[in-house]
Amino acid sequence: SQLSQALNGLSDRAKEAKEFLVQLRNMVQQIQENSVEFEACLVAQCDALIDALNRRKAQLLSRVNKEHEHKLKVVRDQISHCTVKLRQTTGLMEYCLEVIKENDPSGFLQISDALIRRVHLTEDQWGKGTLTPRMTTDFDLNLDNAPLLQSIHQLDFVQMKVSSPVPAPPILQLEECCTHNNSATLSWKQPPLSTVQVEGYILELDDGNGGQFREVYVGKETMCTVDGLHFNSTYSARVKAFNKSGVSPYSKTLVLQTSEDTQSEEQTLPFPVPLERSQLRRMSPFSSTLNLQPSFSGRSYFELRSSAHQLSLHSSLQSLNSAVAWFSFDPSSAHADIIFSNDNLTVTCNSYDDRVVLGKTGFSKGLHYWELSIDRYDNHPDPAFGVARIDVLKDAMLGKDDKAWAMYVDNNRSWFMHNNSHTNRTEGGITKGATVGVLLDLTRRTLTFSINEDQQGPVAFENLEGLFFPAVSLNRNVQVRARLVSLEQGVTFPAVGSGDLAVT
């Protein structure tokens with residue numbers, strides 16, 4: 001009996017040993033597979049570095065070739081110029097030698113004074129600097145590759161060691177989550193009893209059409225406002241935390257409903273709304289920008305949707321009276337030289353250089369129109385009006401980079417400008433009291449301008465797509481005021497495009 005019991009224990013150990021051997025053999029296979037995968041990843045990373053170095057090499061060689069061509073052009077131009085002057089000088093010398101051989105003294109005296117003056121003038125033309133090379137043969141370029149070589153020598157593997165568990169799922173603070181117009185503010189926190197260190201959070205939203213989630217914010221903040229959503233749309237949001245050990249599971253999914261019109265007051269949604277019960281409207285994918293401040297308290301622009309029958313902007317405004325709202329500028333994204341007044345409806349600048357200010361709300365679809373009054377216009381400056389991305393240059397005229405589409409105008413004429421390309425010069429400018437209108441039609445993806453209710457030039461820009469913010473650039477000689485669109489007067493534009501919407 002004792003021997004049988006001992007054998008039973010030994011049999012269990014033998015069984016465990018067999019299972020352990022199977023595990024070790026599986027590890028051998030797994031190590032081989034992981035080694036192949038890791039080597040492939042390493043080769044891909046090194047190849048990517050080599051490709052980047054080759055691309056940089058090509059760029060640097062291009063710069064050397066440009067310097068080479070420039071030096072050759074300067075030297076060849078100087079050779080040509082000097083050859084012409086030498087030919088003229090030699091011809092004059094030969095002529096003078098023939099004159100000196102003249103046997104008739106009176107004939108010589110008749111032309112000697114003029115020849116002497118011409119010789120002195122020609123000599124003066126070979127003055128200081130004429131016989132000095134305009135270009136050196138050296139290439140004033142030095143490739144500083146020491147930091148890169150040092151980085152290559154220091155290139156090594158980083159051993160990741162798990163020192164702490166992954167964070168717990170964040171908790172959305174429903175009482176602080178709200179929507180306003182086409183913006184949504186979300187707030188979250190870690191569970192009260194959680195002691196795991198968190199390095200940051202990842203906030204994700206879907207596209208408002210039940211599509212895939214995508215990241216809209218990554219950082220340490222626990223509150224985020226997402227601007228540029230569609231009006232009257234339903235979005236789903238979720239958040240997760242991360243640290244060096246990994247990423248937490250997602251929080252519960254919240255459903256956000258943006259305002260049906262731009263006059264809606266800020267509202268707190270009845271969270272949580274079961275995801276499977278929410279009715280998602282059919283919308284195109286959205287574009288968004290991030291603002292880590294509480295949601296703003298101003299009103300937004302209006303949005304008109306095209307219908308199957310023809311309509312006009314003026315009649316649409318009359319039928320959508322509640323949708324007309326104040327145009328408001330955004331101090332948080334403006335250049336520091338911009339001066340705000342009149343509840344952020346009026347802007348000027350304390351610099352003589354052009355500075356950019358954006359509107360508070362961005363648009364990615366629909367039909368939008370706003371007007372700006374010129375309250376001050378001194379010394380004929382060139383203010384610019386139009387639309388821009390959130391990351392547009394703030395210290396240059398609107399349209400200087402590829403992030404803005406604008407019309408800049410003086411007291412006599414105007415031009416359209418995008419990516420520093422000036423087109424369509426049109427007669428007619430602005431003075432104090434003038435009104436500039438901007439019509440952004442994202443249904444047809446066009447941008448059109450008016451001055452004093454008359455269209456200025458042709459359709460300015462086409463094929464616009466993405467998120468656009470109303471924008472203005474100005475200096476201290478200009479003061480601009482955003483004003484209500486009047487429902488009693490029509491702003492006339494010809495029909496835009498060949499579709500079913502005539503805009504007047």
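A salt bridge is taken here as a side-chain nitrogen of Lys or Arg within 4 Å of a carboxyl oxygen of Asp or Glu. The model is a predicted one, in which local features need pLDDT of at least 70 and side-chain atom pairs count only at pLDDT 80 or more, while totals for chains, interfaces and linings use all residues. Residues are numbered from 1 along each chain as its sequence is written, and side-chain values use heavy atoms, with hydrogens and water left out.

Across the whole structure, 14 salt bridges are found, including those in the table.

| Salt bridge | N to O distance |
|---|---|
| E204 and R238 | 3.0 Å |
| E204 and K240 | 4.0 Å |
| R444 and D441 | 3.9 Å |

Strands are DSSP runs (E, at least two residues) numbered from the N terminus. Through shared partners, E204, R238 and K240 are joined into one network. With buried meaning under 20% relative accessible area (1.4 Å probe, protein chains only), E204 is buried at 6% and K240 is buried at 13%, and both R444 and D441 are buried as well.

Elsewhere, an open sheet of six strands runs in the order 13-22-15-16-17-18 with antiparallel pairing, where two strands pair if DSSP finds at least two bridges between them. Strand 13 (355-358) and strand 18 (421-427) stand at the edges with a single partner strand each, so one side of each has no neighbour in the sheet. Strand 15 (residues 384-388) and strand 22 (residues 469-474) pair over five bridges, and F385 stands opposite V472 in strand 22.

Definitions and conventions
Helices (H or I, at least four residues) and strands (E, at least two) are DSSP runs, numbered from the N terminus. Buried means under 20% relative accessible area, exposed over 50%, partly exposed in between (1.4 Å probe, protein chains only).
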